[in-house]
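This briefing goes with the sequence and the three-dimensional structure displayed below. Please keep both in view while you read, and look up each residue as it is named.

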Amino acid sequence: VGHVRGTAYTFNTPDPIVGATVRVHELPDVSAPTGADGSYELEVPLGATVTPYVEAEGHHSITGQTFVVDDEHDGAELDGVNFQTPADAIYDGLRALVSGFTGRDPFEGGCVIVTTVGDALMVGMTFIDFPPHGVEGATVSIDPAGAVPIYFNADVLPDAAQQTTSIDGGVLWPNVPPGEYTLSAQLAGTDFVDVHVRCEEGWVVNA
């Protein structure tokens, strides 16, 4: 077997979520609770494709990136698969904000994908100290193409005037059709790891 481990936090805070449940879309019988420090551990078959998601009272459900759990792909022991999950009121506000930018519901026709273009500080980061962890000035792409990104500003808000990443590093794609995608970032002199995601109608994917 392989393992997926991480911690669930309330979005834009250092606060871990106690008593949430982490599940896997491809493996409906696999789940794990979060403990007193917000941490969880999933046991999954080696070679399994795993798209984890979190459910927590008072929070909107968030789906993570998609992994293949073995040493030939993403690794058999995955640590730091963390979730930043917005409280319901914050989620409603962000949804309305993005709708104002685009002129339509961001879930119309598919899902919303969010990612962070981050520096090496993100490796092993717990969010307890919550320092800025983005790389400024990068652009992003999604493959297959089609969805248009909205970048987050330094105040951790999606901003239609922002044309590249801020120190926050956040990026959002609304109205992404269902399917499988690869996210990548570009900045001269910097290499980033590509991220693989799965999109289904109504999902919020934070990869």
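In this predicted model, the count of disulfides in the chain comes to one. The partners are Cys111 and Cys199, whose sulfur atoms lie 2.2 Å apart, and this falls within the 2.5 Å that the definition of a disulfide asks for. The points below begin with this bond, then turn to the chain as a whole, and end with some individual residues.

**The disulfide**

- Cys111 belongs to strand β11, which covers residues 111–116, while Cys199 belongs to strand β17, which covers residues 195–199, so the bond ties together parts of the chain that are 88 residues apart in sequence.
- The torsion about the S-S bond of Cys111 and Cys199 is about -130°, and the disulfide is therefore left-handed.
- Buried means a relative accessible area under 20%; Cys111 counts as buried because its value is 0%, and Cys199 is likewise buried with a relative accessibility of 0%.

**The chain as a whole**

- The chain contains one helix and 18 strands, and its C-alpha trace spans about 45 × 40 × 35 Å along the principal axes.
- Of the 207 residues in the chain, 45% count as buried.

- Once its neighbours within four places in sequence are left aside, Phe107 is in contact with Tyr91, Arg95, Val112, Asn175, Gly202, Trp203 and Val204.
- Phe107 and Asp79 are 28 residues apart in sequence, and their C-alpha atoms are 30 Å apart in space.

**Backbone features to look up**

- As background, most residues other than glycine have a negative phi, and most peptide bonds are trans.
- The peptide bond that runs from Asp143 to Pro144 is cis, with omega near 0°, and Pro144 is placed in the loop between β12, residues 139–143, and β13, residues 150–152.
- Val156 has a positive phi, near 65°, and its place is in the loop between β13 and β14, the latter being residues 158–159.
- Val156 is buried, because its relative accessible area of 17% is under the cut-off of 20%.
- Asn175, which is one of the residues in contact with Phe107, also has a positive phi, in this case near 55°.
- Asn175 lies in strand β15, which covers residues 170–176, and at 11% relative accessibility Asn175 counts as buried.

Technical notes
Residues are numbered from 1 along each chain as its sequence is written. This is a predicted model: local features need pLDDT of at least 70, side-chain atom pairs count only at pLDDT 80 or more; totals for chains, interfaces and linings use all residues. Side-chain values use heavy atoms; hydrogens and water are left out. Helices (H or I, at least four residues) and strands (E, at least two) are DSSP runs, numbered from the N terminus. Buried means under 20% relative accessible area, exposed over 50%, partly exposed in between (1.4 Å probe, protein chains only). Contact means heavy atoms within 4.5 Å.
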